[in-house]
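Subject: Structure for you to look at

Hello,

Here is the structure I said I would pass on. Please open it first, then read the notes below.

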Amino acid sequence: MTASTTAPSAAQDNHAHVDPAAQVADAFVPVQTRSERPHSFDPADFGTPNGREVNWKHTPVNRITALLSVAETPGGITTEVSDDRFVRPGLGFGDAPRGEFFRPEDIVSAVAWQGTAEAMHLAIPQDEEVAEPIVVSLTGQGADRRADGHLVIEAGTNSSATVVLRHHGSAQLAQNVEILVRDGAKLTVITVQQWQDDAVHVSAHQARVGRDAALTHIVVTFGGGVVRVNPTVELAGAGSEGRLFGLSYADAGQHLESQVYLHHKGAHTTGDVLYKGALQGEGAHSVWIGDVLIGADAVGTDSYEANRNLVLTEGARADSIPNLEIETGDILGAGHASATGRFDDEQLFYLQARGIDEEEARRLVVLGFLSDIVQRLGIPSLEAELLAAIEVELAAVSA
């Protein structure tokens, strides 16, 4: 495979999920479901987005224009790894396992592929249990600096590990993360975005989970002007599990987005998706789109996805769109839910009736709402850091 290799891109010709009334001869039929989206390694195959495409219509395309072409000068990001025992030689185009599962589905992920001549490869050896988190620190060198990146995280058969991606500073980053969870492995990947306010970060995470393996994937976004992290997880092996969690806190002018895709492909797979967000300030905007596909062979599947948003001030907006596609009736269960609202007046009344003033009551409600995700990280030091960051955000809205 070379850098210009392309995947089939005739998805627009597939009318399986389109209203028959719309199938007019020679008419363009838009992509209707996540599984139909075209894939290509060549950015030119996607064209420049105009904001009307299904995967771009909620994104401020005018703020990510720098990411629509390969970075001319590398060096916009510095990278450090806490434990280099797991760093393998870089992967060029065509070097396995790079590209074993990853297929760009939009122009930015294709740009990141083309712009990364040598991808970083983190590999957990077979049967090894890694007690301490492996932390990859990515630091932006300035808002005017462009960077492309492709990272491959591979958990060997029956291994166990946690990988944390920390994003700081400022940059304009097009990023791919390819995750391979081999049979019987247990892997947690946590990506934390604490950028400065002028950073732009668009990232595609794509993961394949093998037989009796489990992936926990967590997206935490507090900082950045525009941050879009889209995880795709394929539960390929029988008995595999995928748990996808997210936490975001959007301030004035921030756009924080995640388009989640969970594909149940193997039999007796389990999926759990829960994203929570808080928003405050004029122009604060969060977007969550959750797509779950239960394939024809995914018998015995148990899957649920939910998104909850708490709007703290006027002028903030949350878009939440859950989608569920089922191709077999032989499942244990499947469902989805979405809710966006302001403070629960009953909760506030309960706390105030017990002598807690309104400001403190609001603080406790928000902390209780968001700490549900924080407590799933499993890293006490990181949990404490993020709870402190939430306190800082709450102090800003109270000021």
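Is His201 buried or exposed? Keep in mind that this is a predicted model. His201 has a relative accessible area of 0%, and because buried means under 20%, His201 counts as buried. The residue belongs to strand E7, which covers residues 200–209. Its side chain makes a polar contact with the side chain of Gln175, at 2.8 Å. If neighbours within four places in sequence are left aside, the residues in contact with His201 include Gln175, His167, Trp195 and Arg228.

Next, the aromatic rings. Five aromatic pairs turn up in a search of the whole structure. In one of them, Phe93 and Trp113, the ring centres are 6.3 Å apart and the planes stand at 40 degrees, so this pair is tilted. Phe93 sits in the loop between strand E2 (87–91) and helix H1 (107–114), while Trp113 is in helix H1, 20 residues apart, so the pair links distant parts of the chain. Phe93 is partly exposed, with a relative accessible area of 27%, whereas Trp113 is buried, at 0%.

Trp113 also pairs with Phe102: the centres are 6.5 Å apart and the planes at 10 degrees, so that pair is stacked. Phe102 lies in the loop between E2 and H1, 11 residues from Trp113. Both Phe102 and Trp113 are buried. Together with Phe41 and Phe93, they form one aromatic cluster.

Two arginines lie over ring faces: Arg98 over Trp113, at 4.3 Å from the ring centre, and Arg376 over Phe245, at 4.5 Å from the ring centre.

Regards

Terms used:
Residues are numbered from 1 along each chain as its sequence is written. This is a predicted model: local features need pLDDT of at least 70, side-chain atom pairs count only at pLDDT 80 or more; totals for chains, interfaces and linings use all residues. Side-chain values use heavy atoms; hydrogens and water are left out. Helices (H or I, at least four residues) and strands (E, at least two) are DSSP runs, numbered from the N terminus. Buried means under 20% relative accessible area, exposed over 50%, partly exposed in between (1.4 Å probe, protein chains only). A polar contact is a pair of N or O atoms within 3.5 Å; within protein, one must be able to donate a hydrogen and the other to accept it, and residues adjacent in sequence count only if both atoms are side-chain atoms. Contact means heavy atoms within 4.5 Å. Rings of Phe, Tyr and Trp (its six-membered ring) pair if their centres lie within 6.5 Å; planes under 30 degrees apart count as stacked, over 60 as edge-to-face and the rest as tilted. A charge sits over a ring if NZ of Lys or CZ of Arg is within 6 Å of the ring centre and within 35 degrees of the ring normal.
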